[in-house]
Amino acid sequence: MPKIKSPIWHPFTQHALQAEMTRVVRGIGTYLYTSDGRRIIDAISSWWVVTHGHCHPHIVRAIQEQAGKLNQIIFAGHTHDPAEEVAAQLLKLAPRGLEHVFFSDSGSASVEVALKMALGYWHNVGKQRVRIVVMQHSYHGDTIGGMSVGARGVFNEAYGPLLFDVTSVPFPTTGREQDTLDALEAACRNEIPAAFVVEPLILGAGGMLMYPAWVLREMKRICEASDVLFIADEVMTGWGRTGTLFACEQANITPDIVCYSKGITGGALPLAVTLCRADIFDAHYSKDRTRTFFHSSSYTANPVACAAARANLDLWQDPNTRQRLAAIAVMQEQAIEPFRADARFENVRRTGTVAALDLKTRDSGYLADIGPKLHAFFKNRNLLLRPLGNTVYVMPPYSATAADIDEIYAGIWDAADALAGKDALLA
Ligand SMILES: *Cc1c(COP(=O)(O)O)cnc(C)c1O
């Protein structure tokens, strides 16, 4: 095999199988433009981050203005307007009862912060609680802590010995929800855990698995009854994806700790936050310096990233944004409808603006052979779609038009046709 050298080591990329990277020079709204003159429809919001469309003028302007004013400042002992305003707005929009905002710069970091807050809380109130309960098929990031609380598999096999043990409850599949609730109840009873961490309503990287709001509400109730901290990882589900600003709204719950990232800047710059209830902050509040929350990153609450987040929050004040969400949800529902009766597909599903369908294949899972074939097919069609194994999902920016959605699903339909002839499918 001739080796193709790449000076850049790309994420989640097997360089021996993918020599050519698509070189993108411009992004506007729902479209990406490549160096060789192609226009690509971004059907996955550039890995789930872009919400209002690429290079939204209001966010671009905010970044430009802030960059020339104050673009970085140590956040220990210092503060600035963009961070203050983002925090104040977030506390207004997030579920009632969350009172403090801790900034970081990625979803993984926000989850690490959540876990450290939970463990710090129990440590500081003098209770020995360290065990974490998680949900099967979850994803919480690629750091050691994030992987520890996420699903084990081929992604983290090499690092397994370093990951800490957790207790896992089954995913609430339709009709088997009670099994999840029973397992959670049992997990909360024996050797009381420190926290339960879960992605509300949609498990993203685990395969766009969806479950109803009443299960989320029940899980919160069980944790509350056992005094187990409830951590909602809304890194992907936040910022409108599930049809409401945050997924927890639909269950009418307030988590003890919640993580937001991805769409927090509209997808323009990296930023994340971890919000918590007052008692968690208060357990660290003391004249005793050993009770400090010992966490930071160099770019904590970077002013330019915060300015982008502030601009994103402005856009959420505009009623037009919520109308766009509702419109996308309707378009998605109409687009998936014909696939429900299509024998080549199963588990056709949607929550809010996110839709997913599974191609029936001999082999499934993230490394299923069908994945790269689909990927190549969509690339030729100038569609940015990145199936999770045999699961094809569509998570468009809210700038997408009905014509864009039609084009995306025509591509999915044709992909199934093209690949069916190649013995890839059972149907
Ligand atoms: C993407 C994601 C993360 C990790 O976020 P990064 O910004 O990639 O570190 C954590 N949790 C969930 C639910 C995610 O979807």
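Predicted model: local features only at pLDDT ≥ 70, side-chain atom pairs only at ≥ 80, totals over all residues.
1. Ground rules. Local features need pLDDT of at least 70 and side-chain atom pairs count only at pLDDT 80 or more, while totals for chains, interfaces and linings use all residues. Residues are numbered from 1 along each chain as its sequence is written, and side-chain values use heavy atoms, with hydrogens and water left out.

2. Helix 2 with helix 10. Helix 2 spans residues 57-67 and helix 10 spans residues 303-317. Their axes come within 8 Å and cross at roughly 150° (axes are lines fitted to C-alpha atoms over the stretch in contact; angles run from 0 to 180 degrees between N-to-C directions). Helix 2 is therefore roughly antiparallel to helix 10 (angles over 145 degrees).

3. Helix 3 with helix 10. Helix 3 (residues 81-93) packs on helix 10 at about 35°, with the axes 8 Å apart. The classes here are 9 nonpolar, 2 polar and 3 charged.

4. Ligand. Residues around the ligand include Trp48, Tyr139, His140, Glu199 and Lys262 (a heavy atom within 4 Å). A backbone N or O atom of Gly107 lies 2.8 Å from a ligand oxygen. A polar side-chain atom of Ser108 lies 2.6 Å from a ligand oxygen. For Asp233, a polar side-chain atom is 2.7 Å from a ligand nitrogen.

Key. Helix = DSSP H or I, 4+ residues; strand = E, 2+ residues; numbered from the N terminus. Parallel < 35°, antiparallel > 145°, perpendicular 65-115°, else oblique. Polar contact = N/O pair within 3.5 Å; in protein donor to acceptor, adjacent residues only side chain to side chain. Nonpolar A, V, L, I, M, F, W, Y, C, P; charged D, E, K, R; others polar.
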